[in-house]
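I opened this entry to look at how the chains are related and how they meet. My notes follow in the order in which I looked things up.

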Protein chains: 2
Amino acid sequence: MPTDPDPVLRLLWRHVVPASDAAPRRGPRPKVSVDEVVDAAVELADAEGLAALSMRSLAQRLGMGAMSVYGYVANRNDLIVLMVDQVLGEATLPPMKGDLRTRLRLVAEAQLADCRAHPWLLDVAGLRPWLGPNAADRYEWQLAAVDGIGLSDVEMDQTVTLVAGFAANVARAEHAVRVAERESGLTDLEWWEANSGELGEVMAHRDYPLAGRVGSAAGEAYQAGTDPQLEREFGLERILDGIEVYVASLRSR
Amino acid sequence: MPTDPDPVLRLLWRHVVPASDAAPRRGPRPKVSVDEVVDAAVELADAEGLAALSMRSLAQRLGMGAMSVYGYVANRNDLIVLMVDQVLGEATLPPMKGDLRTRLRLVAEAQLADCRAHPWLLDVAGLRPWLGPNAADRYEWQLAAVDGIGLSDVEMDQTVTLVAGFAANVARAEHAVRVAERESGLTDLEWWEANSGELGEVMAHRDYPLAGRVGSAAGEAYQAGTDPQLEREFGLERILDGIEVYVASLRSR
DNA sequence: CCTAATTTCGTACGATGTACGGAGTTGAAT
DNA sequence: ATTCAACTCCGTACATCGTACGAAATTAGG
């Protein structure tokens, strides 16, 4: 027996395929729309994190009882799926033009911007890759960056995955210190002041010639603050170099 | 007023700095050791995922009451911190030799192996970068891969971060389908059979020239199964190319 | 008006992390 | 030997979570 398609799919595409059922709308009018529910959930998750987004708090924000939310969304998982596609849609993607390097930079910057605006996206990265309309649009836009340069289809996919994945990792590193600061109540600097002594003491029992030197250098560099732009990001430049080298090798073959 | 150092730090380094206090050990002997507690927690998380690791289930596995676990670990967060360092220690790191490319491949493969053996590591990536002894050893080992080739300290850090981050992303993608299959009870193939019709229908309302073609090609390639080795991984090769290009540019300057 | 469809929501159940306090166990001091 | 303080163990309790269930309220079609 084949399984039925997941209802959340229709819900994801509700704007492009608007409820084919011409069924009569009986019963009380819904007080809010699905979009309002998802928007409120996004605002909550943006402010307090995914963990703080509970069905009860969401219902309260919407001015209704806890269980009423389930009239719009089947469960919390579906809600999060809808949230992901919703925030993917609110970004205005710049036209995909320029040379390969600047095009791929656009991909990375869009990804980074999304993850910075909605850090909870990083906690959801492990869900089923639900193809909502905005996710599909985004994927199409990303692929346009590597179209017509000689890459195979699979390579195109891997290339944008590589670049977007790197940007996500940058956002992940940034976000990690934010949540650590919020959960511990200590600034990174305060934490260091409180723990550096103890840490130095225990680490003195072993030899860390490289880690000691490099770790502190990296720490100081980080202390200087992250470049809000993705420019001059070391890793991205290496990745772009590597991709360019590969594309050039295709051309000369 | 300066804050006190976090107690979990001493606990992390318990093996290299073994309880400096010569204080008398009064009271009943602990039934298990901290290592046994952490090992049991790792086994639970490996089998069922981080979410399924509860203090109660852990206590039951250890044959004690729920609250007894708190005699070994202050709270669930500390437990997870200890788990991370524990699994980082059980990997036997190969000697860091060979040319740059093979050295960096070792870094990526070690990271991938860890994330595959303990997928819950990917859910913890956002915590405070607690420096346990095994994390420090790992960092030192990673840095040895890029030592003495002309990179600055910060560049050394960024390079290993780039490579390890990519490997983590590979593991993340693999893990995503595993949890999706477990949570939905549907194989990726079953899911596709159930939803492809509906998905094609809704996607037909828009034009996805690239996403349609590339997505299905990537899907088929994935269907073929992931290479258990990291060799022939497209993204990693591009990254290594890019790093080599950069190192070569340093030499000629 | 009646009825059927729909939304709303109060209550309840089984989880979760963990604060609290007491009971039991042990080594050191008297 | 007795006492005491430290230490481990753990039963209970509380707030919070997702959500199953079913009743109440609301509306449109007949």
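I began with the superposition in this predicted model, and found that chain B can be laid on chain A with an RMSD of 0.1 Å by a turn of 180° and a shift of 0.0 Å along the axis. I noted this as the relation of a two-fold axis. I then looked for the residue of chain B that comes closest to the rotation axis, which is B:Gly242, with its C-alpha at 1.9 Å.

Next I turned to the interface, where I found 67 residues of chain B in contact with 67 residues of chain A, taking contact as C-beta atoms, placed from the backbone, within 7 Å. Which elements of chain B give two or more residues to the side that touches chain A? I listed helix 7 (133–144), helix 8 (153–184), helix 9 (188–203), helix 10 (209–223) and helix 11 (234–251) of chain B. Helix 8 of chain B gives the most to that side, with 15 residues.

Last, I looked up the annotation for chain A, and the unreviewed UniProt entry places the feature "domain: HTH tetR-type" at residues 31–91 of chain A. Over residues 31–91 of chain A I read 62% helix and 0% strand, with the end C-alpha atoms 27 Å apart.

Terms used:
Residues numbered from 1 in each chain as written. Chains lettered and ligands numbered in written order. Predicted model: local features only at pLDDT ≥ 70, side-chain atom pairs only at ≥ 80, totals over all residues. Contact = placed C-beta atoms within 7 Å. Helix = DSSP H or I, 4+ residues; strand = E, 2+ residues; numbered from the N terminus. UniProt positions renumbered as here; feature names shortened; annotations may be inferred. Least-squares fit on C-alpha atoms with pLDDT ≥ 70 in both.
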